[in-house]
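Hello,

Here is the structure I said I would hand over. My notes follow below it.

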Amino acid sequence: MQENIIIADKRPSTQASASWQRQLSQAIRDPATLCKRLSLDESWLPGAATGHQLFEICVPDAYLTRIVPNDPNDPLLRQVLPVIDEASTPQGYVTDPLEEAEHQPVKGLIHKYAGRVLLIASPACAINCRYCFRRHFPYSESSPSRAQWQEALDYLRADTNLHEAILSGGDPLAASDKQLAWLVEQLEGIPHLKRLRIHTRLPVVIPDRIDSAFLGWLAATRLQKVVVLHINHPNEIDQAVIDACTRLKQAGATLLNQSVLLRGINDSVSTLATLSERLFEAGVLPYYLHVVDPVQGAAHFDVPDDEAKALVKQLLEHLPGFLMPRLVREIPGKASKTPL
Ligand code: SF4
């Protein structure tokens, strides 16, 4: 790693990093509190309790404040509120829809595509998204300790065709900066690695995560940096998120976004067009629009392929080409994502 570079976090110290860890530790983790804080009718509670048993609620305050109270159809609420539909088990919906268990040659490392590997840098997330394809992922079996990382690092060292390491999770930014800086230092010691890609929702969920400590090690690495955010709806992008994106760009990161096409949340041309426009205002380019992976508990979010394709065709009439995300599906065993 190069010498430490200071990227100024220019917010007042009381505002800057009101400790992202504290915000995360104070996140809402039970259905009753979520319903109460958002003045939701009590009739939502039994369904929320059932869904919560299948996949726990996690909603930090910084995200909660962007949800309109007393509106069960709020597009941000629907991403985090467990519902009774999660208990249904339609055919074809499974616990490991991308068959990732087949592609873990060593603990903590998933190798699906040529030239790049994915590292499970943290088992935790700052928010539990109801449609998550890893909602059943066995993190306890796949999260290496520091000593166990050596095996993954040896795998990377041995394959000179690998040029990119992708930090994923969970959310990799849920790990401490100490852990991340150590891991990235090991990665940059591997001569054939050129790029570091970070897939994260934390700059959106708790924008204070992008603080000086994080920006210091990110800016200092010799690796080219790509941060892939995960934003599904324009209401998720407030000024704090725009400011976090600005800080990431100042640290030298290229910013991209991937979304999931979600029934009742962003399945309209106007929402998707506004999302792309808003992303660009924040300095982020739309990258992928994924159809929902067939994970157990998320079938109610699915938008059929024909409908998805028609939406994207119409979207072309509203956006310049560089703001068009690519509609894709991940099919296990394929050498790349499959464009629809
Ligand atoms: S932050 Fe990402 S990994 Fe975590 S629950 Fe949401 S979609 Fe899944």
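In which crossing, left-handed or right-handed, does α12 pass α13? The crossing is right-handed. A crossing counts as left-handed if the near helix is turned anticlockwise from the far one by less than a right angle, and as right-handed if clockwise.

Two notes on the source. This is a predicted model: local features need pLDDT of at least 70, side-chain atom pairs count only at pLDDT 80 or more, and totals for chains, interfaces and linings use all residues. Residues are numbered from 1 along each chain as its sequence is written.

**Helix pairs**

Helix α12 covers residues 269-281 and helix α13 covers residues 305-315. They pack at an angle of about 55°, with axes 9 Å apart. Axes are lines fitted to C-alpha atoms, for helices over the stretch in contact, and angles run from 0 to 180 degrees between N-to-C directions. Helices (H or I, at least four residues) and strands (E, at least two) are DSSP runs, numbered from the N terminus. The pair α12 and α13 is therefore oblique. Angles under 35 degrees count as roughly parallel, over 145 as roughly antiparallel, 65 to 115 as roughly perpendicular, and the rest as oblique.

From α12, Val269, Leu272 and Ala273 make the contact; from α13, Leu311, Gln314 and Leu315 do. Contact means C-beta atoms, placed from the backbone, within 7 Å. Five of these residues are nonpolar, one is polar and none is charged. Ala, Val, Leu, Ile, Met, Phe, Trp, Tyr, Cys and Pro count as nonpolar, Asp, Glu, Lys and Arg as charged, and the others, Gly among them, as polar.

Next, α8 (residues 177-188) and α10 (residues 212-220). Their angle is about 0° and their axes are 10 Å apart, so α8 is roughly parallel to α10. Asp177, Leu180, Ala181 and Val184 of α8 meet Ala213, Phe214 and Trp217 of α10. That contact has six nonpolar residues, no polar and one charged.

**Domains**

The domain assignment, automatic or from a database, gives domain 1 (20-87) and domain 2 (100-339). Their C-alpha centres lie 23 Å apart. In domain 1, 21 residues are in contact with 23 residues of domain 2. On the domain 1 side, α1 (20-25), α4 (61-64) and α5 (77-80) each give two or more residues. That side has 14 nonpolar, two polar and five charged residues.

**Ligand**

Around the ligand are Cys125, Ile127, Asn128, Cys129, Cys132, Arg134, Gly169, Gly170, Asp171, Arg201 and His230; each has its C-beta atom, placed from the backbone, within 6 Å of it. The shell has four nonpolar, four polar and three charged residues.

Best wishes

Methods: Two residues are in contact if their C-beta atoms, placed from the backbone, lie within 7 Å.
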